[in-house]
Amino acid sequence: MDAPSGAGLEPRDIIHLGDGEVLMLDQTQLPGEVVHRRCVHWEDVVDAIRTMVVRGAPAIGIAGAMGVALAAQHGDHDDPAAHLAEIRRAAAVIRDARPTAVNLMWAVDRQLRIAADHPGPPEALTAALRLFALHLHRDEVLRCRAIGAHGRTIIHRGARILTHCNAGALATGGYGTALGVIRAAHAQDPTVRVVVDETRPLLQGARLTAWELDRDGIPFTLIADNMAAALMAEGRVTHVVVGADRVAANGDVVNKIGTYGLAVLAREHGIPVIVAAPTTTVDLSTPAGADVPVEERHADEVRGVGLFGRPAAAHDAPVANPAFDRTPARLVAAIVTERGVHRPPYDRTLAAAVAAAGTGE
Ligand code: MRU
């Protein structure tokens with residue numbers, strides 16, 4: 001699996017479960033510095049997820065699974081009951097580190113199921129949890145590669161693709177979902193160009209997506225979020241391709257704040273919105289987008305971007321900071337998973353994809 005997976009990175013450069021530690025590329029420091037955060041205890045993994053050292057739906061799922069594996073490794077191997085109790089305690093906290101991306105809960109629940117089903121001694125359980133975490137990382141990267149291969153079939157020559165946030169190698173453990181489609185489309189047609197939304201308030205587009213595309217030599221133009229409408233009106237955007245934090249059973253898409261606005265704009269301008277996400281992001285137990293909890297983050301994230309050496313807003317300016325929004329399925333032209341390109345009615349096509357992938361069991 002250690003082939004370059006986008007941005008010249010190997011999957012293990014992005015996140016790696018070592019012996020008694022998890023190493024993560026610290027996404028809060030990009031693009032200025034390429035440094036790693038070392039997580040020794042499962043609590044360090046929780047902190048890394050909360051503070052977005054690691055972020056993006058599949059990546060926090062992988063981190064969560066590795067966190068559970070760490071808890072097992074450092075638990076009391078002389079006392080099977082205490083060992084299991086510690087794994088369950090860690091899993092409960094890791095699962096709650098962020099509320100919106102379903103991959104985190106999915107991965108932790110898988111680990112809990114392994115723990116529940118495992119009759120062996122702590123050493124064997126620890127090995128099984130470690131193996132799942134490693135396999136999950138490998139599988140998410142393979143899913144991204146398949147998403148790219150399917151997604152490029154619906155991108156026409158000379159496309160001008162607008163993407164939002166970062167759904168790249170950093171967000172998935174390697175290659176990316178939306179950026180997977182873009183990487184694959186650009187590989188087959190070097191005239192493909194990308195428009196990158198900066199993605200306020202945390203600038204994942206400007207900091208991370210632009211960094212990934214630059215390292216891959218894929219031409220892009222960075223814009224402030226409020227410029228998308230004007231570019232669409234001028235015919236400078238042919239597709240919107242984004243990732244997802246959770247896709248509900250009816251095809252509603254919960255993704256980075258701003259996605260819904262882009263989808264409304266795209267409808268007005270006759271531009272297709274394509275959502276790229278693995279089946280591990282599809283949550284058939286959640287009927288609609290309205291049922292997905294949206295994380296509210298700290299007000300300082302909105303107040304904080306400074307200009308001319310000064311903070312942008314008063315330190316006590318009242319703020320709303322929902323990190324995600326809900327795009328109704330009717331605004332989504334296609335959802336691309338590792339199983340193919342899915343069209344409405346999404347309740348049927350997504351259920352079939354999840355069943356075929358075996359990720360819903
Ligand atoms: O708050 P973030 O940066 O974790 O949000 C990430 C996104 O919204 C991504 O678009 C989504 O997770 C897809 S990542 C393949």
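Tutor: Beyond its neighbours within four places in sequence, T177 is in contact with C144, I147, A167, T172, G243, A276, A277 and P278. The model is a predicted one. T177 is located in the loop that runs between helix 7 (169–172) and helix 8 (178–188). Its relative accessible area is 4%, and because buried means under 20%, T177 counts as buried.

The aromatic rings may be considered next. The structure contains one aromatic pair. This pair is formed by W106 and F132, whose ring centres are 6.4 Å apart and whose planes meet at 40°, so the pair is tilted. W106 belongs to helix 5 (residues 102–117) and F132 to helix 6 (residues 122–151), so the pair ties together parts that are 26 residues apart in sequence. W106 is buried, at a relative accessible area of 17%, and F132 is buried as well, at 16%.

Rings also take part in arrangements with charged side chains. The charged end of R145 is placed over the ring of Y175, 4.3 Å from the centre of that ring. K256, in turn, lies over the face of F324, and its distance from the ring centre is 4.3 Å.

Methods. Residues numbered from 1 in each chain as written. Predicted model: local features only at pLDDT ≥ 70, side-chain atom pairs only at ≥ 80, totals over all residues. Heavy atoms only, no water. Phe/Tyr/Trp six-rings, centres within 6.5 Å; stacked < 30°, edge-to-face > 60°. Helix = DSSP H or I, 4+ residues; strand = E, 2+ residues; numbered from the N terminus. Buried < 20%, exposed > 50% of the residue type's maximum accessible area, 1.4 Å probe, protein only. Lys NZ or Arg CZ within 6 Å of the ring centre and 35° of its normal. Contact = heavy atoms within 4.5 Å.
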